Amino acid sequence: SLPGAMKGVFVGSGSEGMQSPTTASEILQLTGKDAAQVNVAYLGTSSYDLEQFKINQVSRLQEAGCTIVSLKVTCPGDCTKEEMKDIVGKSDVIIVGGGNTLFSTNRWRAIGLDKLLKEAADRGCVMCGGSAGAICWFDAGHSDSADPDTYYEPMMAQFGAGAESKEESSALGEEVKPWKYVRVPCLGFLPGLCLPHADKIQSNGVLRMDDFDEMMLRHPGERGITIDHFCALVVDGDDYRVVGLEGKGGSVMEDGSFNSKQEGRPGCWVKNVVDGKVVTTLLPWDGQLSEVLKVADEIVEDP
């Protein structure tokens, strides 16, 4: 079986995906417990523990009757080592919020939280999240962490006073911004280079699926897995299912072709580099994870 087989629900979008009743129901099913017995830790480091994003991510599970605890580690002194161990150790579910993956994963490594998260995953805690909260569990992720709007000061200025936001990742506005996507090294609980929001264009005007192909060519030793904005990849040990969020569109047309305008159903795609070209195949709607993901032949970190 796959090294580090775990339980998880990985969604293409952050707030928008985690607010779906489908996502909440999939998470609860994996715990095997009644909602009233489920302890959920919310890890909001990627969006600097801003309260609005927490509400977006946990509201469905809170309504279902779960106990929600915030694990705040954005700033030094937010949380002691003992509190960190205690919260992670008691959790049945850990939700990682969307936002800046590069900031959060670096922060977790610096304080030893990465090791505690690995222990939690190994004992069967359900690891979840959308966007940054989906890619962080893989070897690496295709990330918008170089978008200046995801940095600490701009996020605090925009959302610090409790301003509402539907989604942590940017949308394409009237003005196209010059930032580029980056490959962020992540926790490595699952092998693969993961792309969230596969069928979306963000504020830099570039379709993420297209940019991901270029990234794959720079990292041909890795296998890519993509998750549409309104799609959840549900993992239970070696079993997986691809779940579309209710009433939402995605990239998979009936004939199995890719559509960039969300005119199909939400799905996932697998990418491999063969003879210098990216080969894209549709991920079957369910199956064995060990037949889909593979340990990288070679991992080359970007400078």
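I take two strands to pair if DSSP finds at least two bridges between them. The model I examined is predicted.

**Entry 1: strand β6**

I looked up strand β6, residues 138-143, and asked how many of its residues are buried. Six of its six residues are buried, and I therefore record the strand as mostly covered, with buried meaning under 20% relative accessible area.

I then turned to its partners. With strand β7, residues 182-185, β6 pairs in the antiparallel sense over four bridges. Ala140 has Pro185 in β7 as its bridge partner.

With strand β8, residues 190-195, β6 pairs in the parallel sense, and I noted three bridges there. In this pairing I found Gly141 opposite Cys194 of β8.

**Entry 2: cysteines**

I next searched the whole structure for disulfides and found zero. Cys75 is in no disulfide, and the nearest cysteine sulfur, that of Cys79, lies 12 Å away. I also looked up the exposure of Cys75: this residue is partly exposed, at a relative accessible area of 30%.

Notes. Residues are numbered from 1 along each chain as its sequence is written. This is a predicted model: local features need pLDDT of at least 70, side-chain atom pairs count only at pLDDT 80 or more; totals for chains, interfaces and linings use all residues. Side-chain values use heavy atoms; hydrogens and water are left out. Buried means under 20% relative accessible area, exposed over 50%, partly exposed in between (1.4 Å probe, protein chains only). Helices (H or I, at least four residues) and strands (E, at least two) are DSSP runs, numbered from the N terminus. A disulfide is a pair of cysteine sulfur atoms within 2.5 Å.
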